[in-house]
Amino acid sequence: MSGERYVFDFAEGSAADRARLGGKGAGLAEMTRLGLPVPPGFTITTAACIRYQQTGDFPLGLLDQVWAALERLEARLGRRLGDARDPLLVSVRSGAPVSMPGMMDTVLNLGLNPAAVEGLARVTGDRRFAFDSYRRFIQMFGNVVLHIEHDRFEQLLAARRLEAGAATDAAIPAPQLEALVADYLALVAERTGKAFPQDPFQQLVMAIRAVFDSWNNPRAVVYRKLRRIPDDLGTAVNVQAMVFGNRGPTSATGVLFTRNPNTGEPGLYGEYLTNAQGEDVVAGLRTPAPIGELAQELPAAYADLERAASALEAHYRDMQDVEFTIEEGRLWVLQTRTGKRTARAAVRIAVDLAREGVIDRAEAVRRQDPEQLRTLLYRQLDPAASLTVLATGLPASPGAAGGAVVFDADEAERRGNAGERVLLVRPETTPDDIHGIVAAQGVLTSHGGMTSHAAIVARGMGKPAVTGCEAVVIDLEARQFTVAGRPELGAFREGTFLTIDGASGRVILGEVPTVEPDLAPEFLTLLEWADGMKRLTVEANADTPEDAQKAREFGATGIGLCRTEHMFMGQDRLPVMQEMILAESPEERTAALERLLPMQEEDFYGILAAMDGYPVTIRLLDPPLHEFLPDAQETERELAQALARGDEPAVARLEAVLRRTRALAEFNPMLGFRGVRLGVVYPEIYAMQARAIFQAQARLLAEGRHPVVEVMIPLVAVPAELERLAGVVAETCRAVEAEHNRSLPYRLGTMIEVPRAALVADRLAEYATFFSFGTNDLTQTTFGFSRDDAEGKFLPAYIAEHILPDNPFITLDQEGVGQLITLAVARGRSRRPDLKVGICGEHGGDPASIAFCHRSGLDYVSCSPYRVPIARLAAAQAALAG
Ligand code: PEP
Ligand code: MG
């Protein structure tokens, strides 16, 4: 037969066929190739799904190919679909090229009908099992293919359970299950107006169609949008022989990770349920047992599982997430994929694998997601805080999070989007709750294990989660929860503030203070490896000796931006600063500056000492002076009070303040009297700062320390500005050198924060030995956006409407601002080949922007101390990417 092939046996494919066979199909094929015990079957390609989506019908030849593959499968197993003696049963599962867990549909036990179920009962000698399989099939098929609400089946099930006096579904005896099958068939007839399809071939065709259709169900569509997965990938369909984990005490089903996905520790980690089917584990309705217990319960199968796990890890060179079933003592591997993991585990696993020789160090560095690693730098609960622990559940996803309790995803989304911190609290979550998890600070569920939906999704998003916290008893209707065994606490209503600790599983009443994180040794190792691979130097933006210390601890090799304005904000300094600003004459101003001088000198001394041996780039005063003056309205109020009191000195002082505040008021402070413009008009301010720097440097040198001083002028647009202020700094330096009788080497540099500076970069390089791109301002001035106005008013619309791809204040606008950077680098270096160039805007800590800086030939990036480890890693990844 000619025409496109849409159907492939598992034995024919491999991992390379992911686009065509989907992730699941390619995985099954690859495992089959590896010789693992995989139940046989075949895959219908994504191309068939795409054709189906385009035309609404199966492509020509598809069904013939399905029947041929089914015949091969039947021949292989010696069992036939629908056979009344020993029926073959199959599962029909979706599987897209990109993992979309739980988003699309699955039908299990397909092939059962009144004759086959009797056959199954006979060959297994287990009537209960046969009818339980049949009722599960009708229920799933009824829900997924015939669109009958799940609840309707559950009600009938509950009624039969009650009638049998059974505590659980597993305890319902065969006669009630047979009766239940009749109930289900009647329900289907009532809801669809047709008898349940009992022809197994018709069942298969309908199930394939339903899986194709599920590609476009609302939750799959939302998920794709959220993850930016293209809509035209399509899903493959896997038809596979069923194996049963619910055939008695030597059968089981479970999920395992080949290493601990929370900590990265080696050794199998997971959960299983004896005598159960896969959906029982994922649904989180029964709480499963830890995998270690299987070693006692079914030792031979456990040993097989360990062997399979290590074969999979060796083959895929990464930690795997494996679904398995044990059927009467025999292990079957159903699925494997690269396991999702916490940031901590990602680091530990990569470092361990590199040490084990499975991957190399570059691969270990390349595999990290710098954004995810941020969670390692998360603050943790303050151990000194006194905690009101209400309950403890499973530590499903680390980090501490607090928020007002909400009980449904829609409410979480509504309140979260309104800016409120909320905690989503549910009995368990399903794929329909994704939007609520996105909007919440964290998730707390009363049921479900470490591999429940809530746990997996939260870990993927890097959000704290506590699952299986059975003591939290949720009453969704009353919108409140109580704590089991603690009646004295009463009920907690929606809106109660809770804190969860995803690292310990604790659920705490109220808001808890947090502290600095501890960096794991593996993380430090990984960062050391990264340092050996990167070209960019990573410096920090730090204004205090404490920040400088933190920056050193996080591995910064310098301070790329020390903003000096914060130094004037303290209680002892602000009044002197205000005096300086209010001064009516140069003499008055100089007097105030002389009082500020020793304070500044101490600041610089502390920072240069903390960074001994590494460069410290000190930026001279930048913000408009009115920022240091009190609010005009506030002053007016005080003035009125002083007048009423008849306090004349106060009146005179407040009038002066008000006069000056009004004089300094600006229409557009962002573009106003700030930066080097202050230095031009009041050179004595910059001279004082320069003196403080050089005096601190002289003292440190005298003490045998190694201060590396860089003085930076902000907001320069005109070369003459820089020439003028470079002169002021040089003159001050010479004076201090003479006073201390020692040479005080320093570099002078400029920030590039306005387009004009970038354009005249060659001229600026005549005076500057380094450039630092202040991309916060450069983004503002290039776009003509004032950041606060943009982010508050129109930028969200720009991003939603795809006018801009990202917020340019977070991820560097390479198309525009980036062009100015490359141009300025080239022009600057044309004049001064050894010009040192870096970036100190917030983009200096953003991985994509760091990659751009690497490609553009910058020498360093500077970012907040907390982002330094991320930047070191991103810089290494940029270098590895070439
Ligand atoms: C900048 O503009 O990018 C910068 C670092 O300066 P500031 O944020 O202090 O304006
Ligand atoms: Mg700036």
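Student: Which residues is D433 in contact with, leaving aside its neighbours within four places in sequence?

Tutor: A contact is read from heavy atoms within 4.5 Å. In this predicted model, D433 touches A409, R426 and E428 once those sequence neighbours are set aside. D433 itself sits in the loop that runs between strand 17 (422–426) and helix 17 (434–439).

Student: What is the nearest side chain of opposite charge to D433, and how far away is it?

Tutor: That is R426, 4.0 Å away. D433 is buried yet has no salt bridge.

Student: Now the metal. Which residues are the protein donors of the magnesium ion (ligand 2)?

Tutor: The donors are E753 (OE) and D777 (OD), lying 2.0 Å from the ion. This pair links distant parts of the chain, 24 residues apart: E753 is in the loop between strand 30 (746–752) and helix 28 (755–759), while D777 belongs to helix 30 (residues 775–783).

Student: Is E753 buried or exposed? And D777, buried or exposed?

Tutor: Buried means under 20% relative accessible area. E753 has 2%, so it is buried, and D777, at 9%, counts as buried too.

Student: How many bridges join strand 5 to strand 6?

Tutor: There are 3, and the two strands run antiparallel. In strand 6, T106 stands opposite R93.

Methods. Residues are numbered from 1 along each chain as its sequence is written. Chains are lettered from A and ligands numbered from 1 in the order in which they are written. This is a predicted model: local features need pLDDT of at least 70, side-chain atom pairs count only at pLDDT 80 or more; totals for chains, interfaces and linings use all residues. Side-chain values use heavy atoms; hydrogens and water are left out. Helices (H or I, at least four residues) and strands (E, at least two) are DSSP runs, numbered from the N terminus. Buried means under 20% relative accessible area, exposed over 50%, partly exposed in between (1.4 Å probe, protein chains only). Lys and Arg count as positive and Asp and Glu as negative; His and the chain ends are not counted. Two strands pair if DSSP finds at least two bridges between them. Donors are N, O and S atoms within 2.8 Å of the metal (3.2 Å for Na, K and Ca); water is not among the atoms, so sites may look incomplete.
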